[in-house]
Amino acid sequence: MSRAVIALGANLGDRGSTLRAAAQAIAAVPGIRPVASSHEVESVALTLDGLDDSKPRYRNAVVVVDTDLAPHDLLDALHRIEDDHGRTREVRWGDRTLDLDVIAVDDLLIDTGTLTVPHPRAGERAFVLAPWLDADPDAVLPGAGRVADLLDGLGDDTERVDEPRLFDAVPGSGSAA
């Protein structure tokens, strides 16, 4: 069994409902057991040209799961959940109904045409680090260091959303409140 960290994001539609539904869908995948989840945060949209406050704001969160799935199978399952929520992939880093990224799987280092773990830009993104730290205060980004230290060095420009943690409504998740 492996421990995986998954980042969730959305800036189109009912973002909060989408993230909560996606967390439930992740927890329902055979071979996945929910461990912990964050509260949601909001942030300015990040595009290929940088931050863009003319775009709809993103809602982000992180879930931590134990899984029997191989990393590529986990990614495939996440892509199916994105597709179920109307995700399209026309514009890189464009607006989206749902984005699910594998951030880390144990201490594995993977770099293939379809999956890079740890996620190559996770340590540069407060919208990943802040909710990850919320879900797991002892989190470490493999090859980069403690998530708390990375976030301190980067600065936290996210805004916490007053909603329950994503796994709070998932039976048997064990997620702390």
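Q: Is Glu163 buried, exposed or partly exposed?
A: At 29% relative accessibility, Glu163 is partly exposed. Buried is under 20% relative accessible area, exposed over 50%, partly exposed in between (1.4 Å probe, protein chains only).

Q: What am I looking at, and how is it numbered?
A: A predicted model: local features need pLDDT of at least 70, side-chain atom pairs count only at pLDDT 80 or more, and totals for chains, interfaces and linings use all residues. Residues are numbered from 1 along each chain as its sequence is written, and side-chain values use heavy atoms, leaving out hydrogens and water.

Q: Which side chain meets Glu163 in a salt bridge?
A: Arg20, at 3.7 Å, N to O. The two sit 143 residues apart, with Arg20 in helix H1 and Glu163 in the segment after strand E12. A salt bridge puts a side-chain nitrogen of Lys or Arg within 4 Å of a carboxyl oxygen of Asp or Glu. Helices (H or I, at least four residues) and strands (E, at least two) are DSSP runs, numbered from the N terminus.

Q: How many salt bridges in total?
A: Eleven.

Q: What about Asp66, buried or exposed?
A: Buried, at 8%. Asp66 forms a salt bridge with Arg33 (2.6 Å, N to O).

Q: Switching to H4. Which residues are buried there?
A: Val147, Ala148, Leu150 and Leu151. They share one side of H4, because their arc around the axis is only 165 degrees, taken from the directions from the helix axis to the C-beta atoms.

Q: And what does the face turned away carry?
A: The exposed residues Asp152 and Gly153.
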